[in-house]
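Please read this briefing alongside the sequence and the 3D structure shown below. The points are grouped by topic.

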Amino acid sequence: MTLTASPTTTWPGLAPVPEGGLSARIAERLFRAAVARRNVTVRLRRPDGTVEQLGLGGPAVVVHRPAELFARVGRDKLIGFGEAYLTGAWAEDGVPGDGVLGEFLTVLAADIADLVPRSLQRLRGVVSPRLPRSHRGTRENTQANVAHHYDLSNDLFAAFLDPTLSYSSALFDDLATALSEDFAAAQHRKIDRLLDRAGVTTGTRLLEIGTGWGELAIRAAARGASVRSITLSVEQQALAQERIAAAGCADRVDVDLCDYRALLDEPAAAYDAVVSVEMIEAVGREFWPSYFRTIDHALAPGGRVAIQAITLPHDRMLATGSTHTFITKYIFPGGALPSVRAIDDVTRRHTALRITDDLAMGRHYAPTLQRWDRAFLAARERVADLGFDATFVRMWHFYLEYCRAGFAADYIDVHQLVLARPEEGR
């Protein structure tokens, strides 16, 4: 299978960049130093046909156009590294989907804090691109940020997700067999644990912040709960409502197109439980206090909150929090990952909520993403029929494997957190 990049006129960020120059030479020196002492293989193909091999051996990539790679990295740092993959300047030495790209990126992610010499890391704030103001998670921007990703096409997501249409980490019964385990069952295990921890049962008034495609709401309604789910994705709302009706739960579930902050204008203490799955990542760091104040406002006395959140180590969160990345440019505009410490700090400062339970399950996300990537590539013809070009396919393959590497290297994690008000005896 070959993933051929589309003309760059479709993707302005992939337009040719001037090759050579000081920034490209610095990028090449840093790149060579980074891979030379790590367990990877990098084959640099020169214009004269010769091949230079770098690295200590391991997952292999081929740099077809070294001058372009170094020019892009020199100009745009890690964004340029990803964009060079999109243009085909470099690629895994194998068949996309065989895992090599993720394995290569995992080696780099495991040493991400040391890929650039410490003496140069002090320049991060000067040389790293900053998150655009248009990505800030304001009421004016948030729906556009959400639509950029989640309103692409329901059919696109259905092409690679499991039948539950769950777009968050599964919780496998056995990590050793995660790539062959019943995927829907693993997703239900994740959902059911959150509902259990939130105390959702018959008669529970449940608020879900971030609907997805409705699977959690359906399972909560099947327990006898009354569910209000809010989303800013028009596409997700439409399909979730269809799926909820097909499941016979329409009388127990409402799906509203609503910004979470609008709940502050509604009566307080309206819900016995609040659940939110991998939605905080779209909120933006400056709005985390608003997010948790909203939850605290909505939660009735004695209620519990269960959230699933992708997290960074606290020091990396502080170092990278305002950096514009490949993911924020192409995949999730405005996205920002918290640390568990940051969540604890924000809730202590701005709410009466405290973390009472914490399950770290990042190792379950790596096989989740690998299964999505395999399914996505297997469905590439269907994706093309939906109107997405080959560059988009390369982009999403890179995105899924880039994220898998982060979890496999323990650079990023995902936590199921339970929050409650201690003074209420929870």
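How many bridges join strand 10 to strand 11, and in which direction do the two strands run? Strand 10 and strand 11 (residues 413–420) run antiparallel and are joined by six bridges; helices (H or I, at least four residues) and strands (E, at least two) are DSSP runs, numbered from the N terminus. This is a predicted model, in which local features need pLDDT of at least 70 and side-chain atom pairs count only at pLDDT 80 or more, while totals for chains, interfaces and linings use all residues. Residues are numbered from 1 along each chain as its sequence is written, and side-chain values use heavy atoms, with hydrogens and water left out.

**The sheet and its helix**

- Seven strands form an open sheet with mixed pairing, in the order 7-6-5-8-9-11-10, where two strands pair if DSSP finds at least two bridges between them.
- The edges of the sheet are strand 7 (253–257) and strand 10 (354–360), each of which pairs on one side only.
- From one strand to the next, the twist averages 15 degrees; axes are lines fitted to C-alpha atoms, for helices over the stretch in contact, and angles run from 0 to 180 degrees between N-to-C directions.
- Asp357 has Val418, in strand 11, as its bridge partner.
- Helix 14 (residues 340–350) packs on the sheet and touches strand 9 (299–311), strand 10 and strand 11, contact meaning heavy atoms within 4.5 Å; the direction of helix 14 makes about 165 degrees with that of strand 10.

**Salt bridges**

- The structure holds 27 salt bridges, each defined as a side-chain nitrogen of Lys or Arg within 4 Å of a carboxyl oxygen of Asp or Glu.
- Within helix 1 (residues 22–36), Arg32 and Glu28 lie four residues apart, about one turn of the helix, and their side chains meet in a salt bridge with an N to O distance of 3.0 Å.
- Arg32 is partly exposed because its relative accessible area is 21%, a value between the limits for buried (under 20%) and exposed (over 50%), taken with a 1.4 Å probe and protein chains only; Glu28 is also partly exposed, at 22%.
- The side chains of Arg43 and Asp93 meet in a salt bridge at 2.3 Å, N to O. This pair links distant parts of the chain, 50 residues apart, with Arg43 in strand 1 (residues 41–45) and Asp93 in the loop between strand 4 (90–92) and helix 3 (100–110).
- Arg43 counts as partly exposed at 23% relative accessibility, and Asp93 is partly exposed at 38%.
- Glu181 and Arg189 form a salt bridge in which the closest N and O atoms are 3.0 Å apart; Glu181 is buried, with a relative accessible area of 13%, whereas Arg189 is partly exposed at 29%.

**Two individual residues**

- Arg72 lies in helix 2 (residues 66–87) and counts as buried because its relative accessibility is 1%.
- Not counting residues up to four places away in sequence, the contacts of Arg72 include Gly13, Leu14, Ala15, Pro16 and Val17, as well as Glu83 and Thr87.
- Gly58 is found in the loop between strand 2 (51–54) and strand 3 (60–63), and is partly exposed, with a relative accessible area of 41%.
- Although Gly58 and Val40 are 18 residues apart in sequence, their C-alpha atoms are 4.2 Å apart in space; beyond four places away in sequence, Gly58 touches Asn39, Val40 and Thr41.
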